[in-house]
Amino acid sequence: MAARDAPPAPELAVSEWLNTERPITLEALRGRVVAIEAFQMLCPGCIHDGVPQALEIQATFSDKDVAVLGLHTVFEHHDAMTPVSLRAFLHEFRVRFPVGVDRHDGGPLPLTMQAYGLQGTPTLLLIDRRGRLRARHFGRVASMVVGAEIQHLIDAPA
């Protein structure tokens, strides 16, 4: 299926948003490229690669073109990774973009993680201006690759 025929990316199932005054929806971000960094604050790859790359994306691209979001998608060590701990983590790592806490329904995996078929963290999701999922990168991905993909999505006709 061609990207233009792909269905919209699933909406984020978030129990709480941090670093924003109001809840965020992908529908409200249509017209902008959306970069979502799915992470856990106790994940070494997230701390070393994922979160710094999201900060780099935010610093590199205009927020008129690219919305950067974090998704704290906890599938292990639940008692240690609470919203209180996450607030301290975001402060210490100077994360200013909005971060949603992936909602659980009592199952082993959070809802957004299930909806996107994520294999783990860190995962970078790129959504085009029309709201279609265009990339899903699990693990470390070179910043030049990510930058080129984002610029391609910015340059594509809306």
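In this predicted model, E16 sits across from V101, a residue of strand β4. The two strands involved, β1 and β4 (residues 99-102), run antiparallel and are held together by four bridges. Pairing of this kind goes through backbone hydrogen bonds, and it can be parallel or antiparallel.

Stepping back, β1 and β4 belong to an open sheet of six strands, ordered β1-β4-β3-β2-β5-β6, and the pairing across it is mixed. At the edges are β1 (14-18) and β6 (133-138), each with pairing on one side only. Going across the sheet, neighbouring strands are turned against each other by 20° on average, if direction is ignored.

Helix α4 (residues 143-155), for its part, lies across β2, β3, β5 and β6 and runs at about 20° to β5.

Back in α1, the buried residues are C46, G50, V51, Q53, A54 and I57. These buried residues pack against β2, β3, α2, β5 and α4. One of them, G50, also marks a kink of about 30°, shortly before the proline P52. As for length, the 17 residues of α1 should span 24 Å at 1.5 Å a residue, and this agrees with the 24 Å between its end C-alpha atoms.

How confident is the prediction? The chain has an average pLDDT of 92, and 94% of the residues score at least 70. Confidence is highest in β2, at 98, and lowest in helix α2 (residues 83-92), at a mean of 92.

Note on methods:
Residues numbered from 1 in each chain as written. Predicted model: local features only at pLDDT ≥ 70, side-chain atom pairs only at ≥ 80, totals over all residues. Heavy atoms only, no water. Pairing = 2+ DSSP bridges. Axes fitted to C-alpha atoms, helices over the stretch in contact; angles between N-to-C directions. Contact = heavy atoms within 4.5 Å. pLDDT = per-residue confidence, 0-100. Expected span 1.5 Å × (residues − 1). Bend = angle between axes of the 7 residues up to and from the residue. Buried < 20%, exposed > 50% of the residue type's maximum accessible area, 1.4 Å probe, protein only.
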